[in-house]
Amino acid sequence: MHATQSAQDLAPGFAQPPLDAAACFRAALQAMARPGTVHSAAPAGVPSGLSPAASALALTLLDHETPVWLAPSVATETVRTWLAFHTGAPVTPRREDANFAIGPWDEMAPLAEFAVGTPEYPDRSATLIVEVADLGTTHRLTGPGIEDTAHLTHPDPAFARANAALFPCGIDLFLTAGDRLAAIPRTTRVEG
């Protein structure tokens, strides 16, 4: 931790870490299992530069063994210090080394640099936590976990179609807006 930022200056994490992390993990699992559904998650404190839902996902999913890539607008000293203190996750400058990435969609490119897994190990892919202004209902979603259809706004439907074609490989997305989150896994088809 840098001398300019003490532990008292850090935004807190979860108020009740075991309970809050379990609740956020359930929300994340439900979001992935039922694409297009919206869930709430927020820690007690949020560092400047991250939404409450993105912060909650980081606290829940990151640890010292999960390298994270931060988009330029998120890669502030405040966010880096907060992640290091609360999760221990190493921040990597290389997209190809990241298990997770956090930031707005327009800063994620080039997406081809993120790991998509291999046919033998499709789980060795990146998960993107994408900050959006609103979750919206612009696009029609179909696929596993969706009874008929669901509606959510994907930041780039062309990417979603190309990503789905890579199955069983591909990138999974969490979309976050304020304290709300939703997911679009690689198995989801996005139309519109």
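Six strands make up an open sheet with mixed pairing, in the order β1-β8-β7-β4-β3-β2. At its edges stand β1 (39–40) and β2 (68–70), each with a single partner strand, so one side of each has no neighbour in the sheet. A quick word on terms: two strands count as paired if DSSP finds at least two bridges between them. Helices (H or I, at least four residues) and strands (E, at least two) are DSSP runs, numbered from the N terminus.

This is a predicted model, where local features need pLDDT of at least 70, side-chain atom pairs count only at pLDDT 80 or more, and totals for chains, interfaces and linings use all residues. Residues are numbered from 1 along each chain as its sequence is written, and side-chain values use heavy atoms, leaving out hydrogens and water.

Ile-102 sits opposite Ile-129 in β4.

Here is how the helices lie across strands:

| Helix | Lies across | Angle |
|---|---|---|
| α1 (residues 17–33) | β1, β7 (172–177), β8 (180–184) | about 40° to β8 |
| α2 (residues 52–61) | β3, β4, β7, β8 | about 135° to β7 |

Axes are lines fitted to C-alpha atoms, for helices over the stretch in contact, and angles run from 0 to 180 degrees between N-to-C directions; contact means heavy atoms within 4.5 Å.

Then there's an open sheet of 3 strands, ordered β6-β5-β9 and paired antiparallel. Its edge strands, β6 (150–152) and β9 (189–191), each pair on one side only. From one strand to the next, the twist averages 35°. Antiparallel strands β5 (residues 139–142) and β6 are joined by 3 bridges, and His-139 faces Leu-152 in β6 as its opposite residue.
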